[in-house]
Amino acid sequence: MSQFWKPGAEKPRILDDEEGGVLFLASSISSTSSGYGYASIEKQRLRLPVYKYRTAILYLVETHATTVIVGETGSGKTTQIPQYLKEAGWADGGRVIACTQPRRLAVQAVASRVAEEMGVKLGEEVGYTIRFEDLANSGVTMIKFLTDGVLLREMMDDPLLTKYSVIMVDEAHERSISTDILLGLLKKIQRRRPELRLIISSATIEAKSMSAFFQTSKRRRGLEADELGPRKDPAILSVEGRGFNVQIHYVEEPVADYVRAAVSTVLSIHDQEPPGDSLVFLTGQDDIDAAVQLLTEEAQANGKKNSSGLIVLPLYSGLSRMEQDLVFSPTPRGKRKVVISTNIAETSLTLEGIVYVVDSGFSKQRFYNPISDVENLVVAPISKASARQRAGRAGRIRPGKCYRLYTEEYFINEMPAQGIPEMQRSNLVSCVIQLKALGIDNILGFDWPASPAPEAMIRALEVLYSLGVLDDDAKLTSPVGFQAAEIPLDPMIAKMMLSSSQLGCSEEIITIAAVLSIQSIWVSTKAQKELDEAKLRFAAVEGDHVTFLNVYQGFLRSGKSSQWCHKNFVNYHAMKKVIEIREQLRRIALRIGIVLKSCERDMLVVRKAVTAGFFANACNLEAYSHNGMYKTVRGSQEVYIHPSSVLFRVNPKWVIYQSLVSTDRQYMRNVITIDPSWLTEAAPHFFQHQRPDPIGR
DNA sequence: GAGCACTGC
């Protein structure tokens, strides 16, 4: 690797900061530029804030194993840094520069932008890989964008990620499970591959902890200057963003009802502020529908006086594509668009034209209780980091305003600085099986950016053991454990697939696995009665899983028709996704030796295969129960069949569920009938341990 | 007779 600064030129100055990180002081602004493609694009590149740090970034990457880049939105870091690295030679000799993103859409968008800037065809020098789509060309692609989940999967074939010279982990501050696993593994890889460079891109608030995580033993720092290779202590570099100033307003007194407070704030913005669209952050569909209703009523009641000219639009992921697209349509002259949204507008979708943000201070967050093994969705206060991100949405086109529906005192003194990483709020079975597959034996001693609760780890190990995926030494079993690790789904679903091979119903089970791994195959609609009637057309006495098979068959028979879906209240996009996932699962099944076979109409073996994966979720109807109360075999927990299930009010004696949703009651979603004798057959150890004889009842 | 923040392989 050649040094990129010219001999004789002034060497960039480096200063250690008090935390042991390294800050760079730009001594001069580089003005190198080579003749790429179109002048206008080249000019745009030069105007990005990140450009004046080009030299600094390349210097730090050259001299440090890890560089933490704090880049605010609009800095251009994601599109430019990979190009700078390529220009400096990091992709020479067949090596590849990787840049990971948490979301598929971002991967595609950034990759095509970079290909355009470089004037190359997407899929050649610049490529991308996401699930179902591989537009990277081995031997040709120099810059590759990919989701962090895909990079983790790549590690199963190449644990040291040898083809990559630099790996940039973008949006690391979001702390998703896969980003955290990736960071932990990359830190391990660094010890084996000193030539590998990492760039961790993070928000201000997380930069110090990211740097501390990659800081290796402080004692040896003095010696490192004499060693060959890059410095082990991470560098930190800040790049300013391009957002406009956003003025923050707080309420003076805490509000009792944030939906009403949000509505009246929207109305007073409309009354008193100059034109510009508003974005309101609430927690979920209920809140949002209520707020839309209130605003619409207000608009009608007040006629011209106040809220005429308001276009009120809800935004959450449950909406159909068409309904979601409405929020992107340009606002007509003289009108004001008000988008009422969940967290989807905080990171996943970017709305242009927003000048006013109203922040309720809450969002729905997942929490996991490892003792009861139940994941819950709870309305909880957001973090300061989230609040800043939400406010930033108002400053994209011109200076904006953010109205926070909480007091300044609360923001300063009580709001947590950062959210709890997803790793510490989730069931960890998928995470643990993935680490095991990568040869990480000491799971409890793994060096995480944020350690999960030991109880959650132990629970995950227990579940994997009961599935026969791990043995007594907590090593992957052969072949079941290794096969299950290859299947990119929940290990319980993976186990169900593996059992279907022996039972001769893998074609059916693969369909069921695909359906279970998406949100819902039904459209979300307010016409509940019609939806229920449509469901009845497919309902099977065996339960929801078999009902899914009927829907899938119907969809195929219709020639995958969208009209057929519309007529039957089936979500067309969901079904297309089922087809895609099914294809992927079939390919994997062939590779790992699952026998592809249909059981035709024999649903008994299908139910047995479901039992083989989900025996831990077996429930028994309480004797003499008049309200459909079940008890779980494992924990004698009180549960009920969800009203959306085809078995609702049917109440068979023995059932297995896929998941629990907890509100005032615990409801079982996706339920199928079983014979209790299958339980001891499927998992003799598990039931011996839990209860001597579940059949005897 | 009730409800599903958001990603991802």
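Across the interface of domain 2 and domain 4 in this predicted model, two residue pairs are found in polar contact, both at pLDDT 80 or more. On the side of domain 2 that touches domain 4, the residues comprise one nonpolar, one polar and two charged. One salt bridge is counted between domain 2 and domain 4, and the side chains of Arg634 and Asp373 meet in a salt bridge with an N to O distance of 3.5 Å. The contact involves four residues of domain 2 and five residues of domain 4, and the two domains bury about 300 Å² between them, with 30% of that area on carbon and sulfur atoms. Of the area that domain 2 buries against domain 4, 76% is supplied by Asp373, Val374 and Asn376, more than by any other three residues. In the domain assignment of chain A, domain 2 spans 246-420 and domain 4 spans 610-696, and their centres, taken over C-alpha atoms, are separated by 40 Å.

DNA strand B is surrounded by 29 residues, of which Arg104, Ser317, Lys364, Pro488 and Thr663 are the closest. Among the atoms of DNA strand B that come within 4 Å of the protein, sugar and phosphate account for 57%. The surface near DNA strand B has eleven nonpolar, ten polar and eight charged residues; its largest share, three residues, comes from α5, and at least two residues each are supplied by α5 (148-157), β16 (362-369) and α19 (528-536).

Note on methods
Residues are numbered from 1 along each chain as its sequence is written. Chains are lettered from A and ligands numbered from 1 in the order in which they are written. This is a predicted model: local features need pLDDT of at least 70, side-chain atom pairs count only at pLDDT 80 or more; totals for chains, interfaces and linings use all residues. Side-chain values use heavy atoms; hydrogens and water are left out. Domain bounds come from an automatic or database domain assignment. Contact means heavy atoms within 4.5 Å. Buried area is the accessible area (1.4 Å probe) that two parts lose on being put together, summed over both. A salt bridge is a side-chain nitrogen of Lys or Arg within 4 Å of a carboxyl oxygen of Asp or Glu. A polar contact is a pair of N or O atoms within 3.5 Å; within protein, one must be able to donate a hydrogen and the other to accept it, and residues adjacent in sequence count only if both atoms are side-chain atoms. Ala, Val, Leu, Ile, Met, Phe, Trp, Tyr, Cys and Pro count as nonpolar, Asp, Glu, Lys and Arg as charged, and the others, Gly among them, as polar. A residue is near a molecule or strand if one of its heavy atoms lies within 4 Å of it. Helices (H or I, at least four residues) and strands (E, at least two) are DSSP runs, numbered from the N terminus.
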